[in-house]
Amino acid sequence: MLFNLHSNYSLRYGTLSIKQLVDGLQSKGYYTAVLTDINNSTGSLIFIKACQQAGINGLAGIEIRNGDQLLYIGIARNEFGFRELNELVTEYNRTKKPFPAMAPKFSQVTVIYPLGKRLTHPLRENEFIGVRSIHLNKIRLADPATLTKCVMWQPVTFTSASEYQMHIQLRAIDHNILISQLTPGVQTADSVEVFPTKEQLLDKFRDFPVLIENTEKMLSACSFNFDFKQHRNKKTFTGNRYDDKQLLHKYAIDGFKRRYDKSDKKAMDRVLKELEIIDNLNFSSYFLITDDICRYARSKNFHYVGRGSGANSIVAYCLGITDVCPIELDLYFERFLNPKRQSPPDFDVDFSWQDRDEMYEYIFHRYQSGNVALMGAMSTFRDRSILRELGKIFGLPKNDIDRLIKDPENMLNKNEIINMILSFYGQMADFPNMRTIHASGVIISELPLTCYSALDYPPKGLPTVQYDMHLAEDIGFEKFDILSQRGIGHIKDCKDIVQQNRGITIDTSNPRRFFNDPKIADQLRSANTIGCFYIESPAMRQLITKLKCDDYLTLVAASSIIRPGVASSGMMKTYIERHRDPSKVDYLHPVMEEQLKETYGVMVYQEDVMKVGHHFGGLDLADADVLRRMMSGKSRSKKHLEEIQDKFFDHCENMKYPEHISKEIWRQMESFAGYSFNKAHSASFAVESYQSLYLKTYYPLEFMVAVLNNYGGFYHRKDYINEAKKAGGTICLPCVNISSVKTSIKGTQVYLGFDCLLNLESELGKIIPEERLRNGDYTSLENFILRTGAGLEQMVVLIRTGALRFTGYGKKEMLWEAHILLNGVKYEKDRNLLFEPESRKAVLPRLHTSLLEDLYDEIELMGFPVSGTMFDIIKTDFRGDTTALQLKQFVGQTIRMVGDFVCDKYVRTKNGQIMKFGTFTDVGGDFFDTVHFPPSLKQYPLYGRGVYLILGKVVLEFDCPAIEVQKVARLELKPDPRSV
């Protein structure tokens with residue numbers, strides 16, 4: 001009876017969740033209803049599924065609007081009509097044109113126009129006029145023939161006065177205006193768009209039974225029987241299943257010959273077993289499409305890393321999707337590919353951030369247009385954003401909003417407006433705010449994607465479905481994750497830079513050869529891993545030191561141990577102790593020894609938790625899969641988890657396990673939620689880490705240049721430059737006659753690129769090397785200006801950073817000359833300059849400069865010093881009682897250290913207090929770590945960048961030194977001579 005329900009997917013308009021709507025339909029006596037969110041179908045299939053479960057005839061539709069103007073409501077008579085509506089909205093999103101005032105001629109869509117709308121053509125058979133109860137007086141004297149095309153219309157947007165107020169606030173946020181500036185009934189819904197009972201609705205229209213009859217007849221002609229159990233991915237790669245099976249078999253066997261000795265029966269048996277299961281489960285096309293994507297990448301010489309649960313598959317290893325041998329690592333094959341599994345293994349393929357767009361382009365052109373799209377996501381109102389948005393619409397000044405966010409207990413926050421804002425804060429938490437794009441997901445469908453939702457066209461221009469990964473999974477889609485990361489860019493670019501600088505061609509494929517390289521082992525053991533993928537953070541370098549990690553398998557474990565789940569369970573420390581001294585291993589139960597001997601009885605990977613859940617807790621593989629999904633953040637059913645917990649403890653009780661043992665094992669399992677890796681994932685990360693380590697070990701300067709050109713990783717640019725200095729490089733400021741847009745290297749001289757200059761226009765940064773390449777080196781300041789057309793402001797940046805030092809003149813002299821040449825004059829760049837015009841040169845006295853001035857110029861214009869270090873700028877000559885490399889000699893002693901701030905990380909203690917872990921470099925550029933417990937941190941906070949004097953006690957944990965800080969203060973800098 002209700003055909004105009006708004007959910008909160010009517011963004012910044014609706015106030016009710018899908019669950020609230022369906023619960024309301026049940027409690028208020030409705031058996032049929034239509035979800036018609038505004039200009040989108042995000043929630044349509046969620047609504048349909050919820051209605052199916054509740055025994056309600058749920059239907060799908062869309063309310064079409066141009067801005068605030070309601071044009072018409074479309075109701076899908078069936079799945080084809082739903083596709084018609086989605087295609088209409090998709091075309092609008094693609095062209096960015098307004099919707100037509102009148103609905104197009106639909107085949108399977110019913111259209112309802114609001115009463116009073118000016119129609120440009122007679123109503124078609126599928127078109128009606130919607131009449132609201134507040135407008136019934138307008139049709140009391142209408143011709144009976146007219147009433148045959150009228151239906152009763154009750155929009156539903158909220159259920160109570162408080163939800164109406166929330167709707168008003170959402171509308172003000174959407175229009176970015178004060179609440180008082182809204183036009184009621186135009187920019188907002190009418191206050192009567194409430195959720196009536198069926199009895200109340202019929203009572204409102206009791207004088208117009210024909211409208212009730214028309215509405216019932218109209219809706220009875222609609223049905224939406226969507227099968228949520230059907231797989232929606234592209235069904236075949238070649239066009240039929242048999243050819244898919246044959247092609248996958250051929251590719252797998254070809255790969256087996258490359259990866260293994262032909263006499264390796266164990267590997268061959270596993271390949272054949274997997275191929276059989278893959279075919280039986282209809283997963284061949286999924287493997288072949290992933291393989292096709294990777295083959296294209298190899299053809300373009302794009303470096304990539306395949307990971308995810310699919311890395312457990314030996315077929316994936318033979319195809320070249322991954323570089324992880326599942327036999328070598330004893331990966332848990334039966335869990336990730338077994339006859340009971342309903343969805344294919346998950347493949348994540350990482351590409352360089354520079355290559356991913358081309359990979360997208362290939363995928364979207366390779367597979368049928370309309371059947372490929374990016375995965376959508378939903379951005380929600382969260383924490384600070386709620387307070388900021390509510391503060392703005394209530395007219396609070398920015399300072400008041402900042403105070404409310406940063407200092408909520410401040411007495412100035414105690415007033416009526418703030419109280420009103422806080423009263424709505426909880427209601428808006430996690431409320432849908434805007435549709436966005438999933439970080440990496442791509443859907444490749446058998447049918448056009450408009451069968452499932454309309455498509456958005458974000459700024460990137462690629463079609464994007466309007467639902468998120470959870471709904472995609474409910475519908476029956478398995479996404480392909482095409483990710484980008486800078487670590488792969490480091491590897492790819494480093495190989496190119498080594499070729500240019502040394503003439504050596506590097507091959508990082510077949511990374512297993514790196515696992516036994518003694519030099520790489522030394523590099524890893526020393527935790528000299530700055531710039532290396534996943535193993536460069538302070539926490540990871542400390543873990544490597546504590547584990548004495550110098551081999552692949554230990555690094556695989558470390559890649560998962562570093563995750564918060566292991567740390568929060570207290571098992572990281574236990575693992576380190578047992579790894580260093582296996583005699584300390586104490587298994588909680590014989591099953592733990594049987595299943596977790598490799599990891600000393602500690603659950604490190606998702607597979608470990610599932611092994612224990614299955615063999616100790618008696619869970620079947622289906623329940624173990626729910627545990628895995630919970631751990632990877634994909635499960636949304638707390639109820640199911642509680643059921644699994646009950647099964648676990650019931651089994652333990654039946655087996656007469658000691659209760660405290662059962663509880664401790666469950667606690668360890670539960671603490672992994674959302675964080676632990678599967679072993680294949682960790683192994684894939686470790687492979688990429690080894691490829692980075694190989695390059696850093698043998699080509700350290702080129703590697704650091706590659707890191708800089710991919711805009712770093714965990715650290716600030718200055719820290720990578722410090723690493724290049726330590727590796728023997730001479731760091732040179734940008735030079736217009738040598739430098740490129742990005743950093744370059746000649747021998748051991750590293751020339752920073754123009755992209756290092758914070759205020760240089762990017763276009764000029766490109767013109768400088770292009771013009772030099774065409775017409776040779778620049779010969780003078782004037783020659784440079786004439787050939788590039790650089791303006792005065794840009795010349796000041798280049799001169800002050802030493803980019804024109806080739807002229808032999810001082811910076812101050814050149815600044816004078818630039819001002820004289822460019823005072824009120826704008827030169828167009830002349831790239832065909834045959835004769836340089838003569839100009840009068842100003843005769844200036846010799847102007848003096850200093851290293852300190854240069855350092856301040858560099859910090860201002862680049863963000864860090866190059867001609868020296870931050871230690872050259874501090875007033876004091878004191879550099880600490882010792883250096884970072886000598887800290888172990890002072891264990892237990894209280895010392896003073898002077899350190900340049902690198903980074904810090906804050907954590908909350910068990911009682912909710914904030915503490916920090918800090919990282920600094922000493923005067924020699926070596927790293928050292930600090931621990932700031934809540935009392936000292938509160939009294940002596942860290943303020944970010946700067947050089948600090950640190951007083952504290954040296955502690956040693958598993959051979960890893962740190963300073964427990966007692967006092968810390970940022971040191972005063974020498975006065976800036978430029979302002980004297």
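Helices and strands are DSSP runs, numbered from the N terminus, with at least four residues in a helix and at least two in a strand. In these terms, helix α20 contributes six residues to the lining of the second largest pocket, the most of any element. The structure is a predicted model.

- The volume of the second largest pocket is about 1600 Å³.
- Two or more lining residues come from each of the helices α20 (538-547), α22 (564-568) and α23 (571-580), and from each of the strands β18 (894-908), β19 (914-921), β20 (927-932), β21 (947-957) and β22 (960-970).
- Its lining comprises 43 residues, and those nearest the centre are A567, M572, K905, V907 and F917.
- By class, 25 of the lining residues are nonpolar, eight are polar and ten are charged.

**The seven-stranded sheet**

- An open sheet of mixed pairing is built from seven strands in the order β1-β2-β3-β4-β5-β6-β7.
- Strands β1 (2-5) and β7 (150-152) form the edges, each pairing on one side only.
- On average, neighbouring strands of this sheet are turned by 30 degrees against each other, direction ignored.
- Strands β3 (residues 57-66) and β4 (residues 69-76) run antiparallel and are joined by six bridges.
- N66 stands opposite Q69 in β4.

**Helices on the sheet**

- Helix α2 (residues 44-54) lies across β1, β2 (32-38) and β3, and runs at about 155 degrees to β3.
- Helix α3 (residues 79-95) packs on the sheet and touches β3, β4 and β5 (109-114); the direction of α3 makes about 25 degrees with that of β3.

Definitions and conventions. Residues numbered from 1 in each chain as written. Predicted model: local features only at pLDDT ≥ 70, side-chain atom pairs only at ≥ 80, totals over all residues. Heavy atoms only, no water. 1 Å grid on protein atoms, 1.4 Å probe; cavity = no way out; pocket = protein on both sides within 12 Å on 5 of 7 lines; lining within 4 Å. Points joined across faces, edges and corners; volume = space filled by probe spheres on them. Nonpolar A, V, L, I, M, F, W, Y, C, P; charged D, E, K, R; others polar. Pairing = 2+ DSSP bridges. Axes fitted to C-alpha atoms, helices over the stretch in contact; angles between N-to-C directions. Contact = heavy atoms within 4.5 Å.
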